[in-house]
Amino acid sequence: MMKNIPFAAAVGLFFTALYFFVAIFASLIAPYGMAEVVGDVWEPASADHWLGTDNIGRDLLTRMIYGGQTTIFIATVATIISFTTGSILGFLAAVLGGWADQLLSRFVDLVMSIPSLILALVILSVTPVTVPVLVLVMGLLDSTRVFRLSRAVAVDINVMDYVEAAALRGEGRRWIIFREILPNALSPLVAEMGLRFIFMVLFISTLSFLGLGVQPPMADWGGIVKENKDGIVYGIGAALWPAVAIATLAISVNLVADWILNRTTSLKGGRG
């Protein structure tokens with residue numbers, strides 16, 4: 001799997017693994033406590049504070065590390081919920097057809113007609129803003145996009161000869177979905193998963209910036225931007241570090257997703 005990996009994919013894999021490693025071991029890597037005030041407001045970078053301090057004197061590197069942990073955790077779990085819900089319902093709609101397909105598709109069209117950010121803000125304004133609620137809201141709203149993709153792919157696969165042969169053998173819908181359709185739909189789903197993960201990172205960061213995401217004193221990248229945005233006027237770049245982190249993570253994950261997509265496509269072509 002790792003032989004002859006392209007340079008771009010290797011770079012993407014390195015940075016993606018680095019971000020996830022730091023997120024997993026944040027409590028061991030961070031030099032200070034997440035909400036610990038250790039200096040003056042917006043101190044410049046120094047040996048004690050490699051990225052300086054934030055708007056109330058907390059170590060910015062520590063906030064970035066814990067912010068990455070929160071952002072990546074929420075984005076990862078929300079992506080899993082999105083793909084589990086959306087792909088299963090999309091495959092089911094394609095296999096069932098008829099009124100079930102129409103009912104699910106029209107409901108998804110209704111939800112997608114409302115911008116995800118606006119709908120999320122409406123829901124979060126009337127519910128407790130906790131991490132489980134954020135994960136569920138983000139995952140379920142984004143599952144509509146996965147539903148459309150998985151249904152479109154499954155509709156094409158469902159008319160293939162091997163799927164019809166499985167149905168004639170008496171295989172049930174569960175077999176057809178998980179043994180016939182899913183393996184042949186993995187390539188586009190894997191590529192889409194990388195894009196949806198990055199969308200989740202941007203989604204939670206936007207919600208936090210608007211005040212309805214991760215709540216203080218917890219740290220996440222969008223919240224760090226919100227807390228330090230006033231410093232930009234004075235030439236203080238504390239709010240820019242989360243943007244650099246998000247951009248680096250987005251590029252890295254996309255490089256890995258593209259490599260996996262190309263590899264799985266070529267492997268399928270070789271087996272054919």
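Analyst: A crossing is called left-handed if the near helix is turned anticlockwise from the far one by less than a right angle, and right-handed if clockwise. The model is predicted: local features need pLDDT of at least 70 and side-chain atom pairs pLDDT 80 or more, while totals for chains, interfaces and linings use all residues. Residues are numbered from 1 along each chain as its sequence is written, and side-chain values use heavy atoms, with hydrogens and water left out.

User: Which hand does the crossing of α3 and α6 have, and at what angle do they pack?

Analyst: α3 passes α6 in a right-handed crossing. Helix α3 (residues 60-96) packs against α6 at about 35°, and their axes are 5 Å apart. Axes here are lines fitted to C-alpha atoms, for helices over the stretch in contact, with angles from 0 to 180 degrees between N-to-C directions. The contact of α3 with α6 has 20 nonpolar, 9 polar and 2 charged residues. In that count Ala, Val, Leu, Ile, Met, Phe, Trp, Tyr, Cys and Pro are nonpolar, Asp, Glu, Lys and Arg charged, and the others, Gly among them, polar.

User: How many helices and strands are in the chain?

Analyst: The chain has 10 helices and 0 strands. These are DSSP runs numbered from the N terminus, with at least four residues of H or I for a helix and at least two of E for a strand. The C-alpha trace spans about 75 × 50 × 30 Å along its principal axes.

User: What span does α6 reach, and what is expected?

Analyst: Helix α6 (residues 131-158) has 28 residues and reaches 38 Å from first C-alpha to last, close to the 40 Å expected. The expected span is 1.5 Å times one less than the number of residues. α6 also bends by about 30° at Thr-144, where the bend is the angle between axes fitted to the seven residues ending there and the seven starting there.

User: Why is Val-201 called buried?

Analyst: Val-201 has a relative accessible area of 1%. Buried means under 20%, exposed over 50% and partly exposed in between, with a 1.4 Å probe and protein chains only. Val-201 is therefore buried. Val-201 is placed in helix α8 (residues 173-209). Beyond four places in sequence, Val-201 touches Thr-71, Ala-75, Trp-221, Ile-246 and Leu-249, contact meaning heavy atoms within 4.5 Å.

User: Is Thr-71 buried or exposed?

Analyst: Thr-71, in helix α3, has 0% relative accessibility and so counts as buried. Its contacts beyond four places in sequence include Val-201 and Trp-221.

User: What makes α9 count as largely enclosed?

Analyst: Of its 8 residues, 6 are buried, so α9 is largely enclosed by the rest of the structure. Trp-221 and Gly-222 are among them. Helix α9 (residues 221-228) packs on α8 at about 35°, with axes 7 Å apart. The contact includes Val-201 and Phe-209 of α8 and Trp-221 and Val-225 of α9. By class, the residues of this contact are 4 nonpolar, 4 polar and 1 charged.
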